[in-house]
Amino acid sequence: MAQGKIGPPLDRMRERAYLAGGLPNTPENLTRWIRFPKEVKQDSAMPELGVGSQEAKHIAAYLYTLR
Ligand code: HEM
């Protein structure tokens, strides 16, 4: 089985100015990215994960705790 990395590391999200290359890193945009990556960036390799809006907020809040 292939063991390649696909997405970027998700630590230090709070220090990043942009998400996925061009989307300003705000809580709203991070939550939107987690739910609908292809709406933000059509050719992204990140799939839609079927995450609900509350769940996406929790994931975003968690990611902002990572140092
Ligand atoms: C709950 C699961 C996931 C979360 C919370 C998540 C979160 C994120 C976040 C926050 C970014 C933006 C990072 C940045 O550029 O600053 C990102 C990017 C990305 N993710 Fe995910 N991701 C998840 C699952 C996946 C999966 C399953 C894949 C692929 C199989 C994937 C592939 C990617 C790729 C390729 C990018 C780069 C974005 C681009 O420029 O196209 N992600 N992810």
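Analyst: The buried residues of α1 pack against β1 (18-19), β2 (23-24), α2 (37-40) and α3. Packing here rests on contacts, meaning that the C-beta atoms of two residues, placed from the backbone, lie within 7 Å. Helices are DSSP runs of H or I with at least four residues, strands are runs of E with at least two, and both are numbered from the N terminus. This is a predicted model, in which local features need pLDDT of at least 70 and side-chain atom pairs count only at pLDDT 80 or more, while totals for chains, interfaces and linings use all residues. Residues are numbered from 1 along each chain as its sequence is written.

The buried residues of α1 are Leu 30, Thr 31, Trp 33, Ile 34 and Arg 35. A residue is buried if 20 or more other C-beta atoms lie within 10 Å of its own, exposed if 12 or fewer, and partly exposed in between. Across the protein chain, buried residues make up 12% of the 67 residues.

Beyond its neighbours within four places in sequence, Leu 30 contacts Leu 19, Asn 25, Ala 60 and Leu 63.

In total, 19 residues surround the ligand, the closest being Gly 7, Ala 20, Ser 44, Ala 45 and Met 46; a residue is counted as near when its C-beta atom, placed from the backbone, lies within 6 Å of the molecule. The shell comprises 14 nonpolar, three polar and two charged residues. In this classification Ala, Val, Leu, Ile, Met, Phe, Trp, Tyr, Cys and Pro are nonpolar, Asp, Glu, Lys and Arg are charged, and the others, Gly among them, are polar.

Ala 20 lies in the loop between β1 and β2. Its phi is near 50°, a positive value in a residue other than glycine. Ala 20 counts as partly exposed because 15 other C-beta atoms lie within 10 Å.
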